[in-house]
Amino acid sequence: MLRTFLPFSRPNITREDIEAVSQVLESGWITTGRKCAEFEQNFCDMCGAEGAVALASATAGMHLLLEYFGIGPGDEVITPSMTWVSTVNLITLAGATPVFVDINRDTLMVDVNRIAACITERTKLIIPVHFAGAPVDMEPIRELGRQKNIPVVEDAAHAAGTAYRGQQIGKVGTAVFSFHPIKNITTGEGGLVSSDDPVLLNRLRQLKFHGLGVDAFDRKQQGRSRQAEVLEPGYKYNLTDMAAVLGIGQLKRLGHFVDKRRLLAERYLEKLRNIDGVLPLSAPDYAHEHSWHLFIVRVEIDHIDMTRDEFMVRLQDDHNVGTGLHFRAVHGQKYYREHPVKAPGALVNTEWNSERIVSLPLFPDMTIEDVDAVAEAVKTVLSS
């Protein structure tokens, strides 16, 4: 047993991060300001995006995008059920119908053929999900969207630092990123929408702050314009400078974080290879660079006398190893069981994974010895 509890994730916060936040607090401008603008630009520089809007959360970003695309009653939005529930909640709250598409059993990714089979005359948006730090095969999905005149929004909450066919996620199209503390970089809480569509970006900037015609911090005014007018009803979704300055420091270390996560993940794959009862995810077969946001395995409950939940409890109680669950299928959640959503095909692979999926500890401050200890704990629990 590990002497101290090993959580499944922990953010890397340095003394420099703390000092940068303190400097913002002492500056007198702690809400949306210069640091937020700098963070947006730095993120664009990192991934090659034409523009970005930083927000209070990725959920806020998805909400504004649904608003931008006019999603409402009678519309259908295609997305996997193997995702965090926030996207599906927002579709439902907009009065639209979530349409669930099944995933690849071993990568957890949607593909263009499954999506195409779900399209109807009511389909107004497609939201593929990059999973655990690996990318969806986006080129054929984008082409399908162009052919059908259906916009595509990438759920890139897991994909900061992920590359697809030689380009960082966020460079092409429209993507939503999360900076929750478990993500590859964090702003405490926060999110960002990147896009190559300037009209979309301008509308999101307006919607994120009460519908005003200027940002919460106008770069020319060095503050908010006294003449700012409400051009349409909007929301209060702006990111603060306190959060943004943390993101600036984190973003400088993203490459290091990804390298360390990759090293740890490779060790996991080596140590778990010969352990019966646990099956890691497979890597996609197209060109990509994995950012290893999560290290996910599936517990083979058909071959052991233990459920996935029992496996997680045993790791924590007997071995001091924390785990995560990413995710229970949305259509299996209580509300969506009682309020059925649309699934044109059987969600066989989604449901199979939903019963077996577990995230093992993975974060930059871990050591190789931590990975070895987790692997040994997994082996002990499964062999017992």
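Helices (H or I, at least four residues) and strands (E, at least two) are DSSP runs, numbered from the N terminus. On that scheme, Ala343 sits in the loop between α11 (334-338) and α12 (348-354). This is a predicted model: local features need pLDDT of at least 70, side-chain atom pairs count only at pLDDT 80 or more, and totals for chains, interfaces and linings use all residues. Residues are numbered from 1 along each chain as its sequence is written, and side-chain values use heavy atoms, with hydrogens and water left out.

Stay with Ala343 for a moment. Its relative accessible area is 35%, so Ala343 counts as partly exposed (buried is under 20%, exposed over 50%, partly exposed in between, with a 1.4 Å probe and protein chains only). The C-alpha atoms of Ala343 and Asp102 are separated by 8.5 Å. Along the chain, these two residues are 241 residues apart.

Now go inside. A nonpolar core is a set of buried Ala, Val, Leu, Ile, Met, Phe, Trp, Tyr and Cys residues joined through side-chain atoms within 4.5 Å. The largest one has 55 residues. Phe39, Ile115, Phe131, Ile141, Phe177 and Leu192 have the most contacts inside it. Two or more residues each come from α2 (34-47), β1 (51-55), β3 (97-101), α6 (138-148), β8, α8 (241-252) and α9 (254-272). With five residues, α2 gives the most to this core. Another core, of 30 residues, lies apart from it, and includes Ala265, Val321, Val378 and Leu382.

Neighbours within four places in sequence aside, Ile141 is in contact (heavy atoms within 4.5 Å) with Val110, Val112, Ile115, Ile126, Pro128, Val136 and Val152.

Next, the strands. In a regular strand the side chains alternate between the two faces of the sheet. In β1, both faces are covered. Gly51, Val53 and Leu55 are buried on one side, and Ala52 and Ala54 on the other. Strand β1 runs antiparallel to β9 (residues 191-195), and five bridges join them. Ala52 stands opposite Ser194 in β9.

Elsewhere, an open sheet of three strands has the order β7-β6-β11, with antiparallel pairing (two strands pair if DSSP finds at least two bridges between them). β7 (167-168) and β11 (288-289) stand at the edges with a single partner strand each, so one side of each lacks a neighbour in the sheet. Two bridges join β6 (residues 163-164) to β7. Tyr164 has Gln167 in β7 as its bridge partner.

On a 1 Å grid over the protein atoms alone, a cavity is a set of points where a 1.4 Å probe fits but cannot get out, and a pocket is an open set with protein on both sides within 12 Å along at least five of seven lines; lining residues have an atom within 4 Å of a point. Grid points are joined across faces, edges and corners, and a volume is the space filled by probe spheres set on the points.

The largest pocket has a volume of about 470 Å³. Of its 26 lining residues, Trp84, Ser86, Ala157, Ser178 and Lys183 are the closest to its centre. Helix α3 gives the most to this lining, with three residues.

There are four cavities of 30 Å³ or more. The largest cavity has a volume of about 60 Å³. Its lining has 13 residues, with Pro11, Asn12, Lys183, Asn184 and Arg261 nearest its centre.
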